[in-house]
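This report describes helix packing, salt bridges and a surface patch in one protein model. The sequence and structure are shown first.

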Amino acid sequence: MARVNVSAKIIAYKSAIYSIPLFLLGIMQVTFFSKINVLGATPDLLLGAILVIAMLDNERVSAVCGIIAGVIYVSLGTASLPLYLIFSFLCAYIFPAIARVLFGKGYLPYLALCLLGYGVKAAFNLALIFMGGGPGLFTSLISTVIPEFISSMIFTSLPYIIFAPISRALDKNKNSTLRKERSLK
């Protein structure tokens, strides 16, 4: 029987654990938060979750979670285009390096990472609006892009409150698992 790489097991385990609150957050975004929208926009909680996972975990776990979040975006209807699957994957794969180099870990660095992440999403949405022949720049900014950015930043603490404790628990579990595997060798 072939031995599976320990890091692959850890990536799969962490991604499976993260996928449960990702799905629940997606459900909350579609049901509860769509009714308490700010400035006519629903906050993007899934991107906040991707960013907190990107900040607290490694690129591989974050990338897998980005794909999971992208599937949730598309399947729950929070994103109208399958391009969000690619967008969430790219954010999840690129932002861990940005977080590590520029921001570090913690709540304030997470807020700074969210400013950058939601800014990138705003630019992405603006590009999609223009490619689709949507309204002009000013109209798009006022009616769609800026309200979603503000709404998302207001509720950005929720993903951190959910995922930071999970990340800490997974790191403790990972360290104990690695010690057990080393002692068996």
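## Helix packing and side-chain contacts

H3 and H4 pack with their axes 7 Å apart, at an angle of about 150 degrees. That makes H3 roughly antiparallel to H4, a term for angles over 145 degrees, with under 35 counted as roughly parallel, 65 to 115 as roughly perpendicular and the rest as oblique. Axes are lines fitted to C-alpha atoms, for helices over the stretch in contact, and angles run from 0 to 180 degrees between N-to-C directions. Helices are DSSP runs (H or I, at least four residues), numbered from the N terminus. The crossing of H3 and H4 is right-handed (the near helix is turned clockwise from the far one by less than a right angle).

The model is predicted: local features need pLDDT of at least 70, side-chain atom pairs count only at pLDDT 80 or more, and totals for chains, interfaces and linings use all residues. Residues are numbered from 1 along each chain as its sequence is written, and side-chain values use heavy atoms, with hydrogens and water left out.

For helix H2 (residues 45-56) and helix H5 (residues 107-131), the axes come within 10 Å and cross at roughly 130 degrees. H2 is therefore oblique to H5, and this crossing is right-handed.

The structure holds five salt bridges, each a side-chain nitrogen of Lys or Arg within 4 Å of a carboxyl oxygen of Asp or Glu.

| Pair | N to O distance |
|---|---|
| Asp171 and Lys14 | 3.2 Å |
| Asp44 and Lys121 | 2.7 Å |
| Glu59 and Arg100 | 2.5 Å |

Lys14 is buried, with a relative accessible area of 3%, whereas Asp171 is partly exposed at 25%; buried means under 20% relative accessible area, exposed over 50%, and partly exposed in between (1.4 Å probe, protein chains only). Lys14, Asp57 and Asp171 are linked in a network of salt bridges. Asp44 is buried at 1%, and Lys121 is buried at 6%. Glu59 is partly exposed at 22%, while Arg100 is exposed at 53%.

On the surface, Ile67, Val71, Val74, Leu83, Leu85, Ile86, Leu90, Tyr93 and Ile94 form a nonpolar patch with about 730 Å² of accessible area together. Such a patch joins nonpolar side chains (Val, Leu, Ile, Met, Phe, Trp, Tyr) within 5 Å, from residues with over 30% relative accessible area and no salt bridge; areas come from the Shrake-Rupley method with a 1.4 Å probe. H4 supplies the largest share, six residues. Leu83, in helix H4, is partly exposed at 36%.

Methods:
Patch = residues over 30% accessible without salt bridge, like charges linked within 9 Å, V, L, I, M, F, W, Y side chains within 5 Å. Helix = DSSP H or I, 4+ residues; strand = E, 2+ residues; numbered from the N terminus.
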